[in-house]
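Please read the points below alongside the sequence and the coordinates.

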Amino acid sequence: MAHDGIADDGAATPLLSSSSAKSGKPRWNMYAFACATLASMTTILMGYNLALMSGAQLFIREDLGLSDAQIEVLAGSFNVFMLLSILAAGWAADLLGRRGTLVLANVFLMAGALAMSLGGSYSALMAARCITSLGSGFSVVVTSVYNAEISPASMRGFLSSFLDMFITIGLLLSYVSNYAFAGLPVHLGWRIMYAVGVVPPVLLAMGVLAMPESPRWLAMRGRDADARAVLVRTSDTPAEADLRLDEIKHAVNESDSNGGNVWKELLIRPSSASVRRIVVCVVGVNFFQQASGIDALVLYSPLVFRKAGMSSNKAILGATVAAGVVKTCFVLVATLFSDRLGRRPLLLASTVGVAAFMASLGVTLCVGVMSSAASMVASVVSVLAFMAAFSVGFGPLAGTYSAEIMPLRLRAQGASLGNAVNRLTSALVSMTFISLADAITMPGCFFLYAGVGTAACAFAYARMPETKGRSLEDMHVLFAK
């Protein structure tokens, strides 16, 4: 017997009214697009504050006299501090709503940017980094959940990938800021870089208050009429809105009947084999995304380019800007094609490229010991190629995939778990890169990351089925086998 878009043979059919899901071509919904865009803009500030340290460290080190170890901790601590709000974000999103938690995130981001720009010591910068990280943690978890829940199935890959696209825009803006203010006096330039991030959170918080709450959160609160009103505006047809609401209500009732502790179900005793497989998939994709070394290049590309033979700060920061431009452009590829080609082909192609170009970077740095000029060009090309490969799949789709496969009752905390693994792994990479490079050489680091990329490809092939065109309430079928 078929039920809720699931056929008797276990294969899910697309939503009945969504012809675009059948054809693989997203059907444009301007209201859903506007909502996802506004929610995702908060993550620009996460990307900005995360990567700004890449260039700012060159001047903070000189201005405040910090050591290599202090710089390494200051850069990597962003991810450690984010764990606090990431783990609390699921609870906050269910209590305050997705919209209310995004407003809270912007408050932290504004306060952190101000504190960072005024910091006069290592301890003050660490405290400011903590405040900024709390806002970033809330924003990255809740944005992924909100975008998945507000999107019609035919556009979900497109809209959910906005998260990484806007983080990447933030990275690019931080590199541009590094380059633009590099000519100012040492004690002033890096402070202005951070001060630029004070005003945008205020404007974004005001904008977030104007967007609708997630229909799934409204249904969880028994506000079915409000949920339907949002679904009508974010679905392809009114009939699809009614179908989506019925599926959501069914999931909410199932969640209420299951009861129990969500974290216990996620980590200790999953309610079914499919939940166990989903948790493994979410943890795995988030671990491999960061363990493949992306933040080593995001945070330490100036050191890599210097190792390759560049000596001018302007040239080094210009190369980081180029890396940011390439990353931003190729995120757009994933954004535009994830609903046409599917998540799985892009992820597989991306992980192959990540492994290949990390290995290429290691080889060019080894050769550079003997031939600096050629290595400098080859290293920049390898970094740009890695950024392109990472951004067409692994970067934007890890968060998209994690948010859409979790059952409704586990989605907010499941997104927190995935992001916690992601940030913890990122912290491990970013807080050990300089020390690891001293121990096994910098090329050795990139060969290690290339090995992780190869393992990531095998994991994606074996564990990650295609999710294109399915409703969120249908996803458990993929993992039931």
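1. C366 is partly exposed, at a relative accessible area of 36%; partly exposed denotes the range between buried (under 20% relative accessible area) and exposed (over 50%), taken with a 1.4 Å probe and protein chains only. C445, by contrast, is buried, with a relative accessible area of 0%. The model is predicted: local features need pLDDT of at least 70 and side-chain atom pairs count only at pLDDT 80 or more, whereas totals for chains, interfaces and linings use all residues. Residues are numbered from 1 along each chain as its sequence is written, and side-chain values use heavy atoms, with hydrogens and water left out.

2. A search of the whole structure returns 0 disulfides, a disulfide being a pair of cysteine sulfur atoms within 2.5 Å. C366 accordingly takes part in none, and its nearest cysteine sulfur, that of C445, is 11 Å away. C445 is likewise in no disulfide; for this residue the nearest cysteine sulfur is that of C366, at 11 Å.

3. Which residues make the nonpolar surface patch of about 460 Å²? They are M110, V199, V202, L203 and M206. The areas come from the Shrake-Rupley method with a 1.4 Å probe, and for residues only the protein chains shown count as cover.

4. Helix 8, residues 200-209, gives the most to this patch, with 3 residues. Helices are DSSP runs (H or I, at least four residues), numbered from the N terminus. L203 lies in helix 8 and is exposed, its relative accessible area being 55%.

5. T441 deserves a check of its backbone. Its phi is near 75°, a positive value in a residue other than glycine. Most residues other than glycine have a negative phi. T441 sits in the loop between helix 20 (433-440) and helix 21 (442-463), and is partly exposed at 44% relative accessible area.

6. M475 is placed in the segment after helix 21 and is buried, with a relative accessible area of 0%. Leaving aside residues up to four places away in sequence, M475 touches R156, E404, I405, T467 and R470, contact meaning heavy atoms within 4.5 Å. M475 and E404 are 71 residues apart in sequence, yet 7.6 Å apart in space, C-alpha to C-alpha.

Key
Helix = DSSP H or I, 4+ residues; strand = E, 2+ residues; numbered from the N terminus. Patch = residues over 30% accessible without salt bridge, like charges linked within 9 Å, V, L, I, M, F, W, Y side chains within 5 Å. Salt bridge = Lys/Arg side-chain N within 4 Å of Asp/Glu carboxyl O.
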